[in-house]
Amino acid sequence: RGVMLSVLLPVLLTITSFVGGAYLVMDTTAGERERQSLEPLLATPAARGAIVSGKIAAACITGMATLLLTLLAFKLSAQFSGGGIGRQLNLGVASMAQMLLVMLPMLFIGTALLTFLSASAKSMKEAQSHMTWLMLHPIKSELWQYAVPFLAQNQMLLKVIRQETINAQVWAVYLAAGFGLALVLWWAAVRRYHQERLAISG
């Protein structure tokens, strides 16, 4: 059971980080277009970049809270399940903090990507059709894998759970690639908000 949980946790956290703030992002973009409340917002003096950044920040806070609750639920269930599973899995405070750090790039990537996609959707239903994710199974680690979204998160979480040492080079590649992609997607979302047709709900 401990092995099964150690394999399940990275997949669960990756999905949670990607969809934790997804519905807030879609509701504040595609949902506002559908309710025709986005046009008055865009007509205010507020900068488009500030509007987009506010929506992404709110979704990231929601996603982080979801991740934290997921980790706490996993920790409690492992402790009360018996069989020493709680001791087999590395779910201490330091490990949970590491896992949250590992998932931060994916959280930003997911919210920025869904903001960008939802900005082109005319309804919540259309925005929800964009929600797809990739599940990857553990394979032998190579440095380049830590620059690939989803795969990188899976590999990093497995290292934390197995209490393997993560060297500075791996952290550098992982964080630079993750936050770099998130910034590109944020920039693309801001550019899309500058398109005048975004305010047109029909």
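How many nonpolar, polar and charged residues are there, by class, in the lining of the largest pocket? Before I answer, please keep in mind that what we are looking at is a predicted model. The lining has nine nonpolar residues, one polar residue and no charged residues.

Let me stay with that pocket for a moment. The space in the largest pocket comes to about 150 Å³, and the residues that line the pocket are S53, I56, A57, C60, F108, A112, F179, A182, L183 and W186. The elements that give two or more residues to this lining are helix 4, which runs over 48-80, helix 6, over 93-118, and helix 9, over 168-193.

With its 26 residues, helix 9 spans 37 Å from its first C-alpha to its last, which is close to the 38 Å expected at 1.5 Å a residue. At its N-terminal end, helix 9 is capped by N167, where a side-chain oxygen lies 3.1 Å from the backbone nitrogen of Q169.

Y174 takes us to the largest nonpolar core, which has 24 residues, and in which L9, L13, M99, V102, M103, M156 and Y174 touch the most other members. At least two residues of this core come from each of helix 1 (2-19), helix 4, helix 6, helix 8 (151-161) and helix 9, and the greatest contribution is that of helix 6, with six residues.

Just after helix 8, Q163 takes a positive phi of about 60 degrees.

Finally, let me turn to the segment after helix 9, where we find E196. Is E196 buried or exposed? E196 has a relative accessible area of 59%, and because the cut-off for exposed is over 50%, E196 counts as exposed. In sequence, E196 and L42 are 154 residues apart, yet in space they are 9.2 Å apart, C-alpha to C-alpha.

Note on methods
Residues are numbered from 1 along each chain as its sequence is written. This is a predicted model: local features need pLDDT of at least 70, side-chain atom pairs count only at pLDDT 80 or more; totals for chains, interfaces and linings use all residues. Side-chain values use heavy atoms; hydrogens and water are left out. On a 1 Å grid over the protein atoms alone, a cavity is a set of points where a 1.4 Å probe fits but cannot get out, and a pocket is an open set with protein on both sides within 12 Å along at least five of seven lines; lining residues have an atom within 4 Å of a point. Grid points are joined across faces, edges and corners, and a volume is the space filled by probe spheres set on the points. Helices (H or I, at least four residues) and strands (E, at least two) are DSSP runs, numbered from the N terminus. Ala, Val, Leu, Ile, Met, Phe, Trp, Tyr, Cys and Pro count as nonpolar, Asp, Glu, Lys and Arg as charged, and the others, Gly among them, as polar. The expected span of a helix is 1.5 Å times one less than its number of residues. A polar contact is a pair of N or O atoms within 3.5 Å; within protein, one must be able to donate a hydrogen and the other to accept it, and residues adjacent in sequence count only if both atoms are side-chain atoms. A nonpolar core is a set of buried Ala, Val, Leu, Ile, Met, Phe, Trp, Tyr and Cys residues joined through side-chain atoms within 4.5 Å. Buried means under 20% relative accessible area, exposed over 50%, partly exposed in between (1.4 Å probe, protein chains only).
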